[in-house]
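The following paragraphs lead the reader through a protein structure, from its secondary structure to its side-chain contacts and its surface. Please keep the sequence and the model in view while reading.

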Amino acid sequence: MENKKDPANKSAQETYEVADEEVEEHCQADGETEVQAQKRSAKLDLYSSIVLFLASLYVFVCGLRMPINVYTGSDDAWYGAPGGFPIIIGGILMVLSAMLFVKSWRVVGGFHKEDFKGFTQTLKSSYAKRLVLVVGLLVIYIFVLLGRMPFYVATFLYLFITMLAFRKKNFAIWKLLIICVVVVALITYGFGTLAGIPLP
Amino acid sequence: LSQIILLLQNVVQLFTPENILLFLVCSAAGVVIGCLPGMSASMGIALLTGLTYGYPLQKAFIMLMSIYVGAIYGGSISAILIGIPGTGAASCTVLDGNKMARKGQGRLALNVATVGSFIGTVFGVFCLAGLTPMLQSIALNFTSVEYALLAIFGITICGSLSSAGDPIKGWIAGFLGMMISCIGLDPIYGYPRFTYNIVGLLGGIAMVPAMIGLFGVPNLLHELASSTPPADIANMKKEDKKEGGILWTVKKHMRLILQSGVIGTFVGAVPGVGEDVAAWLSYDTAKKTSKTPEKFNTGHLEGVIAAETANNAAVGGALIPLLSLGVPGSGPAAILLGSFTLHGVICGPMLAERSPTFIVEMSAILLVAALFMRFSGMLVCQVAPKVLSIPSEILMPIIGSLCIVGSYVIYANMFDVKVMFFIGILGFVLDRLHYPAAPVVLGVILGPMCDSNIRRALVASKGSLAPFYTRPIAIICLIAIAWSFLSQTKIWKKCMAALGGQIKKVFKRK
C-alpha cells in the first residue's frame with residue numbers, strides 16, 4: 001500500500017499547500033473554519049463587485065460624453081478621442097466585476113439579511129473603533145495641523161498623541177516623550193537640514 | 001567579456017567614501033525595513049523615492065537599490081527568528097528557517113540565508129548585465145501597438161500572480177490603477193478628464209503619493225487598529241564559526257546555489273512574477289532534486305539556501321524586463337519603474353541609445369549593494385531581536401510621518417499629501433478585501449503609456465485594428481495576454497495536467 005504520509009512521496013503541489021494549511025490553522029485558531037472564511041470573503045466580493053461595476057459604469061459613461069475631436073468638434077477620427085481609454089478601461093472593469101459577482105454569487109447564493117447584521121457588528125468592533133481613531137488622528141495631522149504650525153510641532157503632536165492613544169499600559173509616558181523628540185529631531189534635522197529636503 | 005570588464009570598472013569607481021557610507025546606511029535600512037513584519041521592499045522603495053528626488057542620479061540609485069536588495073534579504077531575518085516573513089519573498093524561508101531557529105540553529109540559518117542572498121544577488125547581476133542588451137535589441141522593433149499590448153500584458157500577468165488564488169481580483173486591481181491614471185490632462189490632446197475643476201488634479205495623480213498611499217497607509221492603519229502583540233523570538237546558539245560561512249556554504253551546496261540562482265533569475269525576469277514565486281519554485285525544485293527530500297520543512301539547511309538564493313537572484317532578474325522593455329518583473333520593480341521615471345530615466349529599448357552605460361552602472365550598483373548587504377546583514381542580525389520587538393504603536397506613527405514627508409517632497413505641495421491620504425484609504429479598503437496593491441501601482445504607472453500608445457497606433461492606422469493582430473511581435477504579445485488570462489482557468493489547468501500525464505507516460509514507456 002502506498003504510504004501517503006511519507007514526505008518523500010509528497011507531490012509538488014503539497015509544497016505550495018503548506019502556506020494554505022498555515023492560513024487554515026490561523027483561521028481555525030480564530031474560531032473560523034476555512035469554509036466559513038471563504039464564504040465571508042465571497043460575501044465581501046459580492047458587494048465590492050457591485051460598487052466596482054457602478055464605478056466602472058460611471059467611467060464608461062463619462063468617456064462616452066467626452067468630445068470625440070477636441071479641436072474641431074467633428075465626429076471623424078474617433079480613434080484619437082480622449083474618452084477612448086476610459087471607455088476601454090471602464091468596459092474591461094465592468095466585465096471583470098460582473099465575473100467576480102457571478103463567482104461570489106455561486107459561493108454565497110444571494111443576498112442575506114444577516115450580511116447587514118454582520119456589517120453593523122463589524123462597525124461596532126474594537127478594530128473599527130481603533131481604526132476610526134487612527135484615521136481621525138491622521139486627518140487632524142494632514143488637514144488641520146500641517147500648514148498651520150511649524151512641521152516639527154505638528155509632527156511632535158501627531159506622534160505623541162498617537163503613541164499615547166495606542167500605548168500599552170506598562171509603557172512609561174516619559175519614554176514616549178523622549179522617542180517623539182528624538183524622531184522629530186531626526187526627521188527635521190536629518191531630512192530638512194542635512195539632506196536639504198523640503199518639509200511640509 | 002567586455003561587458004564584465006566594464007562592470008568591474010564601474011564597481012571600482014563606486015568605492016568613494018561618500019558612496020560607501022550611502023551603501024552601508026541604506027542597505028542596513030533596507031535590511032531593517034525587510035525584517036519588520038508589515039513593511040516591505042515596495043514600501044521602502046516608495047518611501048525613499050521621494051526623499052532621493054534632489055540627489056544626483058548615481059547616489060539616488062545607490063540608495064534605492066541598496067534598500068531593494070537589503071529588504072528582500074531582511075525578510076528572512078524575521079522569517080527565521082519569529083516565523084513571520086518580513087516580506088512576501090521570505091514566506092518560503094519560514095518553512096525551514098524558523099524550525100532551525102527553534103532547534104537552536106538560528107544563527108546558522110541566518111548566516112546561510114545571508115550567504116545565499118548575497119550569491120543569489122551576484123548571480124542575478126551577471127544575468128542582468130548579460131541579457132538586458134540582448135532583449136533590448138529585440139525590443140527596438142517595438143512600435144506603439146506592441147507597447148500598448150505590453151502594458152496590458154504587464155497588468156494581466158502581474159494581476160494573475162500577485163493575487164493569492166483569485167486572479168480576477170488581481171486584474172481588477174491592475175485596471176483600477178489604469179482608471180486612476182486617467183485622472184488629469186489626457187496625454188495627446190490635453191483634455192481634462194475626471195478633474196472636476198480641481199486645479200491640483202490637472203497634473204494627474206503623481207506616482208509617488210500613489211505608491212506611498214497604496215503601500216504605506218494600509219499597513220499603518222491595520223497595524224495600529226489590530227494592536228499586534230510583540231513577536232516571540234526564537235533562541236539562538238553560537239555555532240561553529242566554520243559553519244554558515246561563504247566558503248563553507250558554497251563548497252557544501254554548490255549545485256543547489258547554482259540551480260536556485262538560475263530559477264530565481266529566470267522567474268524574476270517573467271514580468272510581474274516576482275521574488276516570492278521564485279523562492280517557492282526554487283524550494284520545490286530543491287526538494288525534488290535533493291538526496292534527502294524528507295528533511296524539507298523540518299528545519300533543513302537546503303530549504304533556507306534554495307529560498308534565499310532564489311528570491312535575491314530574482315532582484316536582478318526582475319530588472320531585466322524593467323530596463324529592456326519598461327515592464328517590471330516584480331512588485332518592488334514596479335515601484336522602481338516609478339522611481340526611474342521620476343529621475344528622468346525612461347526604461348525600455350531606447351534606454352541603451354539615450355544612456356549607453358546605464359545598464360552596466362545599475363548592475364555595478366546592484367553588485368556593490370549585495371556586498372554591503374552581506375556586511376550590514378551580519379550587523380543587523382546581531383541587533384535583530386531588539387529591532388523586532390519594537391511595538392507597532394511606536395513604529396507605525398513614525399512610518400506615518402515618513403509617508404507624509406515622502407509624498408510632499410517631490411513637488412513641495414500639500415495637495416500630494418492629501419492625494420496620498422485618499423489613495424491610502426482606497427488602498428486600505430482594497431487590502432481588507434484582498435485585492436493586491438502591486439497591480440494598482442503598475443496600472444497607475446503603465447496607464448499613460450497604454451493610453452497614448454493605443455491612440456497613437458489607431459491614429460497611425462486611421463482607426464484600423466489590423467496592426468494589433470497582423471504584426472508578428474503584436475501577435476506574440478496577444479498570445480501572451482491570452483495565456484495570462486487562460487492559464488488561470490480551471491479548463492486550462494485540467495488540460496495541462498492531462499498533457500503532463502501523457503508526456504510522463506510516453507517517457508516512461510521509452
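Helices are DSSP runs of H or I with at least four residues, and strands are runs of E with at least two, both numbered from the N terminus. On this basis chain A of the model, which is a predicted one, has 7 helices and 0 strands. Along its sequence chain A reads α-α-α-α-α-α-α. Of the 200 residues in chain A, 31% are buried, a term that stands for under 20% relative accessible area.

The contacts between charged side chains come next. Side chains of opposite charge can pair when their charged atoms come close. How many salt bridges does the count give over all chains? The count comes to 9 salt bridges. One of them pairs Asp45(A) with Lys169(B), whose closest N and O atoms are 2.7 Å apart. This contact crosses between chains, since Asp45(A) belongs to helix α2 (residues 34-65) of chain A and Lys169(B) to helix α8 (residues 167-181) of chain B. Both Asp45(A) and Lys169(B) are buried.

Another salt bridge is formed by Lys168(A) and Glu393(B), with 3.4 Å between the closest N and O atoms. Lys168(A) lies in the loop between α6 and α7 (173-194) of chain A, whereas Glu393(B) lies in helix α16 (residues 392-408) of chain B, so this pair also joins two chains. Glu393(B), at 5%, is buried.

Within chain B, the side chains of Asp431(B) and Arg432(B) meet in a salt bridge of 3.4 Å, taken from N to O. Asp431(B) is partly exposed, with a relative accessible area of 30%, and Arg432(B) is likewise partly exposed, at 33%. Elsewhere, salt bridges that share partners connect Asp186(B), Arg193(B), Asp451(B) and Arg455(B) in one network.

Aromatic side chains provide a further set of contacts. Over all chains there are 16 aromatic pairs. In one of these, Phe156(A) and Phe160(A) have ring centres 5.9 Å apart and planes at 0°, so the pair is stacked; planes under 30 degrees apart count as such. Both residues lie in helix α6 (residues 151-166) of chain A, where a separation of 4 residues corresponds to about one turn of the helix. Phe156(A) has a relative accessible area of 24% and is partly exposed. Phe160(A), at 17%, falls under the 20% limit and is therefore buried.

Phe61(B) and Phe358(B) form an edge-to-face pair, with 5.7 Å from centre to centre and 80° between the planes. Which parts of chain B does this pair link? Phe61(B) is in helix α4 (residues 57-81) and Phe358(B) is in helix α15 (residues 358-388), so that distant parts of the chain, 297 residues apart, are linked. Phe61(B) is buried, at 2% relative accessibility, and Phe358(B) is buried as well, at 4%. In chain A, ring pairs also bring Tyr47(A), Phe101(A), Trp105(A) and Phe111(A) together in a cluster.

The backbone deserves attention at two positions. Most residues other than glycine have a negative phi, and most peptide bonds are trans. Phe194(B), although not a glycine, has a positive phi of about 55°. Phe194(B) sits in the loop between β2 (192-193) and α9 (207-226) of chain B, and counts as buried at 11% relative accessibility. His434(B), also a residue other than glycine, has a positive phi near 65°. This histidine is found in the loop between α17 (414-432) and α18 (438-460) of chain B. At 52% relative accessibility, His434(B) counts as exposed, because the limit for that class is over 50%.

The last topic is charge on the surface. Arg106(A), Lys490(B), Lys493(B) and Lys494(B) gather there in a patch of positive charge. Which element gives the most to the positive patch? Helix α21 (residues 490-509) of chain B does, with 3 residues. Lys490(B) is placed in helix α21 of chain B and is exposed, with a relative accessible area of 70%.

Note on methods:
Residues numbered from 1 in each chain as written. Chains lettered and ligands numbered in written order. Heavy atoms only, no water. Patch = residues over 30% accessible without salt bridge, like charges linked within 9 Å, V, L, I, M, F, W, Y side chains within 5 Å. Areas by Shrake-Rupley, 256 points an atom, 1.4 Å probe, with all protein chains shown as cover. Salt bridge = Lys/Arg side-chain N within 4 Å of Asp/Glu carboxyl O. Lys, Arg positive; Asp, Glu negative; His and termini not counted. Charge placed at Lys NZ, Arg CZ, Asp CG, Glu CD. Buried < 20%, exposed > 50% of the residue type's maximum accessible area, 1.4 Å probe, protein only. Phe/Tyr/Trp six-rings, centres within 6.5 Å; stacked < 30°, edge-to-face > 60°.
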